[in-house]
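Dear colleague,

I am handing over the structure we spoke about, which you will find just below.

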Amino acid sequence: MREVPRDPAALPGAAPRPAETWLRIVQVHDRITRRVDSALHRRHDLSLTGFEALRRIAESPGERASMSELAEALGLSRPGVTSTVSRLVADGLVLRERRDADRRVLHATLTPAGRQRVTEAARTHDELVAHLLAHLGDDAAVVTDALARVSSAARARS
């Protein structure tokens, strides 16, 4: 006869403790991030953060985004996004520019090389992420919805 665990959370189907859920979220984020970052470096000479910045710029109107828009979209500090964009500029993938309408705002614009790099890297990124997240199976919609609720609650100011 099987022994009953002392901790009720160890029973199959039992709700996990918050610490266990937190640990799983951190582990999954860390492992997927490292795996995708490594693949992007090897195949496209691009970091995951650099890729995400390029993708955000590519999806912005006119393939142009302000530094504050990028910082918000990527969850980076102003110095963090400046550093990321500086690397992309040095690699010839992005140009920095100011527009006549508001000379105080600095924008990042894709170069043709940046457009090509993000298009190629997007295939690698999206295929690898889809492969890894396929392990969610039929739970994908439930997990996505639950994480969206947690994200929204964490974003809310109290």
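A nonpolar core, as the term is used here, is a set of buried Ala, Val, Leu, Ile, Met, Phe, Trp, Tyr and Cys residues joined through side-chain atoms within 4.5 Å. Buried means a relative accessible area under 20%, exposed means over 50%, and partly exposed covers what lies in between, with a 1.4 Å probe and protein chains only. Please keep in mind that this is a predicted model, in which local features need pLDDT of at least 70 and side-chain atom pairs count only at pLDDT 80 or more, while totals for chains, interfaces and linings use all residues. Residues are numbered from 1 along each chain as its sequence is written, and side-chain values use heavy atoms, with hydrogens and water left out.

First, the overall layout. The protein has six helices and three strands, where helices (H or I, at least four residues) and strands (E, at least two) are DSSP runs numbered from the N terminus. Along the sequence they follow the pattern α-α-β-α-α-β-β-α-α. Of the 158 residues, 25% are buried. Taking a contact to mean heavy atoms within 4.5 Å, residues 24 or more positions apart account for 50% of the contacts with a separation of 6 or more.

The largest nonpolar core has 27 residues, and those with the most contacts inside it are Phe-51, Leu-54 and Val-94. Two or more residues are given to this core by each of α1 (18-44), α2 (48-59), α3 (67-74), α4 (78-90), β3 (102-110) and α5 (112-133). In soluble globular proteins, nonpolar side chains tend to be buried together. If residues up to four places away in sequence are not counted, Phe-51 touches Leu-40, Leu-46, Val-118, Ala-121, Ala-122 and His-125.

Leu-93 sits in the loop between α4 and β2 (94-99), and Leu-93 counts as buried because its relative accessibility is 1%. With neighbours within four places in sequence left aside, the contacts of Leu-93 include Leu-46, Leu-54, Leu-88 and Thr-111. The C-alpha atoms of Leu-93 and Thr-111 are 5.3 Å apart, although 18 residues separate the two along the chain.

How do α3 and α4 pack? Their angle is about 105 degrees and their axes are 9 Å apart, the axes being lines fitted to C-alpha atoms, for helices over the stretch in contact, and the angles running from 0 to 180 degrees between N-to-C directions. The two helices, α3 and α4, are therefore roughly perpendicular to each other, given that angles under 35 degrees count as roughly parallel, over 145 as roughly antiparallel, 65 to 115 as roughly perpendicular and the rest as oblique. Met-67, Ser-68, Leu-70, Ala-71 and Leu-74 of α3 make the contact with Arg-78, Val-81 and Val-85 of α4.

Around strand β3, His-107 is worth a look. His-107 is found in that strand and counts as buried because its relative accessibility is 11%. Not counting residues up to four places away in sequence, His-107 touches Arg-64, Ala-65, Ser-66, Met-67, Leu-95, Arg-96, Glu-97 and Arg-99. The side chains of His-107 and Arg-64 are joined by a polar contact of 3.4 Å, which here is a pair of N or O atoms within 3.5 Å; within protein, one must be able to donate a hydrogen and the other to accept it, and residues adjacent in sequence count only if both atoms are side-chain atoms.

Ser-66 is in strand β1 (residues 64-66) and, at 5% relative accessibility, is buried. A polar contact of 3.2 Å links the side chains of Ser-66 and Ser-68.

Asp-45, with phi near 50 degrees, is in the loop between α1 and α2 and is exposed, with a relative accessible area of 56%. Glu-63, with phi of about 50 degrees, lies in the loop between α2 and β1 and is partly exposed at 22% relative accessibility.

With best regards
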